[in-house]
Amino acid sequence: MSVPLNDATMGDAKEVIVDRQAAINEPQLPSLAQLTHWVGCVFAHHPDDQRLEVTIRFVDERESQTLNRDYRGKDSTTNVLSFPFEGPPGVDLPLLGDLVICHAVVAKEASEQSKPIEHHYAHMVVHGILHLMGYDHIDDEEAEEMEQFERELLAELNIPDPYSDDV
């Protein structure tokens, strides 16, 4: 699905393209429209970035664990994995990368944190897109910067601070 993203700084509309893949049959998965809205919110804050295509794949615990083990060296499931697109030299494509989200982990975390699953999914998408754009949380300063940006983006989506104990 693609939707226009108005860019006041450039005076034209850019198309946000989200490829939604579901490797599981689960009724609680976000719709393509929701994903595109959440991704578009992040992209709107990066008007110079021309990488406006992303794939978001929903997987089971086995696939999450396999990918986490093979690409991060961690033999466990995780909520979201990000894979930035690295094209061959000379190939200029507007692909930002892929997000892989494990429904079982997201659903469990949402329940444990007493928050709507839709809010937690929005957070995982925003968090993953920021990783694809180069944000990280390896050290405390980077973590605080990334988390603050997540708070601001989620507030624009009318979603409470995911890091607050009051959620």
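A residue is called buried when its relative accessible area is under 20%, exposed when this is over 50%, and partly exposed in between (1.4 Å probe, protein chains only). T55 counts as buried because its relative accessibility is 16%. The structure is a predicted model, in which local features need pLDDT of at least 70 and side-chain atom pairs count only at pLDDT 80 or more, while totals for chains, interfaces and linings use all residues. Residues are numbered from 1 along each chain as its sequence is written, and side-chain values use heavy atoms, with hydrogens and water left out.

T55 lies in strand β3. Helices (H or I, at least four residues) and strands (E, at least two) are DSSP runs, numbered from the N terminus. Strand β3 covers residues 53-59, and because five of its seven residues are buried, β3 is largely enclosed by the rest of the structure. Contact means heavy atoms within 4.5 Å. With neighbours within four places in sequence left aside, T55 is in contact with D19, Q21, G97, D98 and L99.

Strands are taken to pair if DSSP finds at least two bridges between them. Strand β3 and strand β5 (residues 95-102) run parallel and are joined by seven bridges. Along this pairing, F58 stands opposite I101 in β5, and V59 stands opposite C102 in β5. Strand β4 (residues 80-84) is joined to β5 by five bridges, and these two strands run antiparallel. Here L81 stands opposite V100 in β5. Strand β5 is itself mostly covered, with six of its eight residues buried. In a regular strand the side chains alternate between the two faces of the sheet.

R51 is found in the loop between α1 and β3. R51 counts as partly exposed because its relative accessibility is 29%. Apart from neighbours within four places in sequence, R51 is in contact with F43, P94, L95, L96, L132 and M133. The C-alpha atoms of R51 and P84 are separated by 11 Å, and the two residues are 33 residues apart along the chain.

Helix packing was examined next. Axes are lines fitted to C-alpha atoms, for helices over the stretch in contact, and angles run from 0 to 180 degrees between N-to-C directions. Helix α1 (residues 32-44) packs against helix α4 (residues 117-132) at an angle of about 45 degrees, and their axes are 9 Å apart. This angle makes α1 oblique to α4. Angles under 35 degrees count as roughly parallel, over 145 as roughly antiparallel, 65 to 115 as roughly perpendicular and the rest as oblique. Q34, L35, W38, V39, V42 and F43 of α1 meet E118, Y121, A122, V125, V126, I129 and L130 of α4. The contact of α1 with α4 comprises 11 nonpolar, one polar and one charged residues. Ala, Val, Leu, Ile, Met, Phe, Trp, Tyr, Cys and Pro count as nonpolar, Asp, Glu, Lys and Arg as charged, and the others, Gly among them, as polar.

Helix α3 (residues 103-112) packs against α4 at an angle of about 120 degrees, with axes 9 Å apart. This angle makes α3 oblique to α4. By class, the residues of the contact of α3 with α4 are six nonpolar, two polar and one charged.
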